[in-house]
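The following note sets out points for a colleague who wishes to examine the model closely. Please read the numbered paragraphs with the structure open.

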Amino acid sequence: MAPSATFETPNINENFNSHKDGLALEATSDAVDEVNVLKAAMRVKNGTATQEEVDIYEKSQFDAEKDKTQFRQYEDACDRVKNFYREQHEKQTVAYNLKARNDFKSKTRANMTIWQAMEKLNTLIDESDPDTSLSQIEHLLQSAEAIRRDGKPQWFQLTGLIHDLGKLLFFYAAEGQWDVVGDTFPVGCRFDETIIYPGTFENNPDSKDPIYSTERGIYTPGCGMDNVMLSWGHDEYLYHICKEQSTLPDEALAMIRYHSFYPWHSAGGYRWIMDEEKDARMLEAVKAFNPYDLYSKSDGIPKVEDLKEYYMGLINTYFPPGEGESEKVIRW
């Protein structure tokens with residue numbers, strides 16, 4: 001167990017579902033990550049990876065000497081998440097996604113600063129992680145510090161720090177794990193074969209809808225990823241919060257929104273949606289970010305007390321405090 005942090009008293013509209021198991025959510029999230037790590041590592045190892053995939057998982061300085069196949073076998077990892085993906089693929093419909101977005105826009109679930117949200121995530125997800133025994137804050141700092149060591153821009157570092165804060169959604173407004181974690185994909189068009197376990201969409205009503213089941217569905221080629229409705233979860237939740245309440249650049253927003261969109265950035269699917277200019281840049285940004293999300297877990301344990309002042313400076317730069325505030329209070 002990691003040492004307990006000292007918590008400020010956040011101004012929270014307390015509406016947590018106390019019966020929800022944060023550790024179980026994190027275990028599922030880690031199992032999903034493990035599958036994606038092993039899929040990439042296997043392709044790199046057997047020589048079937050594209051150059052883009054090799055670049056994603058081998059170019060980054062911080063993991064250049066790390067054994068990327070140290071986790072359990074790929075088949076075992078898949079077995080642990082297959083039932084999760086079956087439920088996700090059956091329930092992520094256009095109707096659900098419209099409802100989730102309407103609920104998001106129609107109410108505020110909490111009012112907290114970024115650092116308070118990090119502390120709150122610590123209290124909601126057990127202070128042990130199946131792979132690292134790190135607290136949530138330590139894991140977030142671990143990703144951010146790996147990015148910082150590689151000399152990436154400060155907005156990139158901050159993105160690493162906050163990228164998982166959307167998991168607060170599990171305790172505020174989620175129906176289960178299936179609408180919080182897992183690989184993401186577009187709804188409103190045919191479910192692509194590049195999605196993990198594509199056969200498990202057979203019980204999703206959209207797969208039989210006369211419009212949603214067509215290849216293009218409700219979209220037109222080249223319409224751009226900004227106009228696509230991705231399956232609702234913690235990435236999409238945090239993306240909308242940051243888009244509306246921060247000054248983070250488009251590349252940072254793309255890293256937050258798309259880093260779990262593996263069918264697109266790793267498997268090459270859905271390229272017909274991309275616009276001619278912006279989405280190509282966003283794709284490169286996501287590819288640059290993903291190694292820090294997947295591979296920084298076995299880095300050294302960061303000291304929160306030594307790093308808080310530095311990262312508070314970054315937070316205040318990209319989430320500028322309002323009049324009378326020392327830190328910006330975010331509407332969650």
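1. A charge is said to sit over a ring if NZ of Lys or CZ of Arg is within 6 Å of the ring centre and within 35 degrees of the ring normal. R216 meets this description over the face of W272, at 4.5 Å from the ring centre. The charged end of R148 likewise sits over the ring of Y310, 3.7 Å from its centre.

2. On provenance: the model is predicted, with local features requiring pLDDT of at least 70 and side-chain atom pairs pLDDT 80 or more, while totals for chains, interfaces and linings use all residues. Residues are numbered from 1 along each chain as its sequence is written, and side-chain values use heavy atoms, leaving out hydrogens and water.

3. An unreviewed UniProt entry lists H139, H163, D164, H234, H259 and D293 under "binding site". The lining of the largest cavity includes H139, H163, D164, H234, H259 and D293. (UniProt positions follow the numbering used here, feature names are shortened, and annotations may be inferred rather than shown by experiment. On a 1 Å grid over the protein atoms alone, a cavity is a set of points where a 1.4 Å probe fits but cannot get out; lining residues have an atom within 4 Å of a point.)

4. H163 is placed in the loop between helix 7 (154-162) and helix 8 (169-172); helices are DSSP runs of H or I, at least four residues, numbered from the N terminus. Is H163 buried or exposed? H163 counts as buried because its relative accessibility is 0%, where buried means under 20% relative accessible area and exposed over 50% (1.4 Å probe, protein chains only). Beyond neighbours within four places in sequence, its contacts (heavy atoms within 4.5 Å) include H234, H259 and D293. The side chain of H163 also reaches the backbone oxygen of G160 at 2.7 Å.

5. H259 occupies the loop between helix 10 (250-258) and helix 11 (262-265). With 2% relative accessibility, H259 is therefore buried. A polar atom of the H259 side chain lies 3.2 Å from the backbone oxygen of I256.

6. The "binding site" annotation of the unreviewed UniProt entry also covers R72, D126, E127, S128, K167, G182, D183, H259 and S260. Of these residues, K167, G182, D183, H259 and S260 are included in the lining of the largest cavity.

7. D183 is found in the loop between helix 8 and helix 9 and is buried, with a relative accessible area of 3%. Leaving aside neighbours within four places in sequence, D183 contacts, among others, N36, Y85, S260 and Y262. Its side chain makes a polar contact with the side chain of Y85 at 3.0 Å (a pair of N or O atoms within 3.5 Å; within protein, one must be able to donate a hydrogen and the other to accept it, and residues adjacent in sequence count only if both atoms are side-chain atoms).

8. The whole structure holds 18 aromatic pairs. (Rings of Phe, Tyr and Trp, the last by its six-membered ring, pair if their centres lie within 6.5 Å; planes under 30 degrees apart count as stacked, over 60 as edge-to-face and the rest as tilted.) The pair of Y96 and W178 is tilted, because the planes stand at 55 degrees, with ring centres 4.9 Å apart. Y96 lies in helix 4 (residues 94-106) and W178 in the loop between helix 8 and helix 9 (234-245), so the pair ties together parts 82 residues apart in sequence. Both Y96 and W178 are buried.

Key
On a 1 Å grid over the protein atoms alone, a cavity is a set of points where a 1.4 Å probe fits but cannot get out, and a pocket is an open set with protein on both sides within 12 Å along at least five of seven lines; lining residues have an atom within 4 Å of a point. Helices (H or I, at least four residues) and strands (E, at least two) are DSSP runs, numbered from the N terminus.
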